[in-house]
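Reader: I have a model open and would like to go through it with you. Could we begin with the loops and then turn to the helices?

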Amino acid sequence: MATPALQAKEKGNAAYKAKRFDEAIQYYDSAIALDPTDITFYNNKGAVHFEKGEYDEVISVCSKAAEVGREHDAEYKHIGKSFARVAKAYFKKGDLDNAMKFYDKAITEHRSPDILNERAQIQKRKKYRLRLCVDTTA
């Protein structure tokens with residue numbers, strides 16, 4: 001039988017899938033209150049904030065997730081997921097430098113093809129922006 005924290009997480013997952021985002025956040029908050037050591041609860045809450053376009057909240061929650069994950073020996077892939085979500089939030093905010101920084105942190109934790117691909121896309125955008133800024137008339 002699942003723990004109360006896992007039950008709250010499952011209810012949060014169901015609310016998330018149904019796009020009832022505020023309800024999902026409440027369930028994930030309940031799960032965190034019941035077990036503040038599980039990185040997944042924070043990562044899921046960060047995903048909801050991402051869907052809502054609340055990128056500063058994503059950065060805050062997923063940074064906390066990485067911190068909790070490290071303190072409690074979470075799997076590296078979960079910590080990498082936290083950092084990748086922070087990177088995506090920075091990207092959405094137009095902050096490519098911080099996006100790269102957090103993709104690099106994500107890759108250090110877990111070298112997944114998805115994260116590598118997302119980082120490569122940011123690198124291409126940075127190079128493109130740099131080309132736009134170069135004065136070719138000098």
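Author: Let us start with Lys19, which is found in the loop between H1 and helix H2 (21-34). Helices here are DSSP runs (H or I, at least four residues), numbered from the N terminus. This is a predicted model, in which local features need pLDDT of at least 70, side-chain atom pairs count only at pLDDT 80 or more, and totals for chains, interfaces and linings use all residues. Residues are numbered from 1 along each chain as its sequence is written, and side-chain values use heavy atoms, with hydrogens and water left out.

Reader: What is the phi of Lys19?

Author: Lys19 has a positive phi of about 65°, although it is not a glycine. Most residues other than glycine have a negative phi.

Reader: Is Lys19 buried or exposed?

Author: Lys19 is exposed, its relative accessible area being 60%. Buried means under 20% relative accessible area, exposed over 50%, and partly exposed in between (1.4 Å probe, protein chains only).

Reader: And where is Asp73?

Author: Asp73 sits in the loop between H4 and H5. Asp73 is not a glycine either, yet has a positive phi of about 55°. At 70% relative accessibility, Asp73 counts as exposed.

Reader: Now the helices. At what angle do H1 and H3 pack?

Author: Helix H1 (residues 4-17) and helix H3 (residues 39-51) pack at about 20°, and their axes are 11 Å apart. H1 is therefore roughly parallel to H3, a term for angles under 35 degrees, with over 145 counting as roughly antiparallel, 65 to 115 as roughly perpendicular and the rest as oblique. The axes are lines fitted to C-alpha atoms, for helices over the stretch in contact, and angles run from 0 to 180 degrees between N-to-C directions.

Reader: Which residues in H1 meet H3?

Author: Ala5, Leu6, Lys9, Asn13 and Tyr16 in H1 meet Thr40, Phe41, Asn44, Ala47, Val48 and Glu51 in H3. Contact means heavy atoms within 4.5 Å.

Reader: Is Lys9 buried or exposed?

Author: Lys9 counts as buried, at 16% relative accessibility. Apart from neighbours within four places in sequence, Lys9 is in contact with Tyr28, Ala31, Thr40, Phe41 and Asn44.

Reader: A change of topic: which residues of H6 are buried?

Author: They are Leu96, Ala99, Met100, Phe102, Tyr103, Ala106, Ile107 and Glu109.

Reader: What covers them?

Author: The cover includes helix H4 (55-71), helix H5 (76-92) and helix H7 (113-133).

Technical notes:
Helix = DSSP H or I, 4+ residues; strand = E, 2+ residues; numbered from the N terminus.
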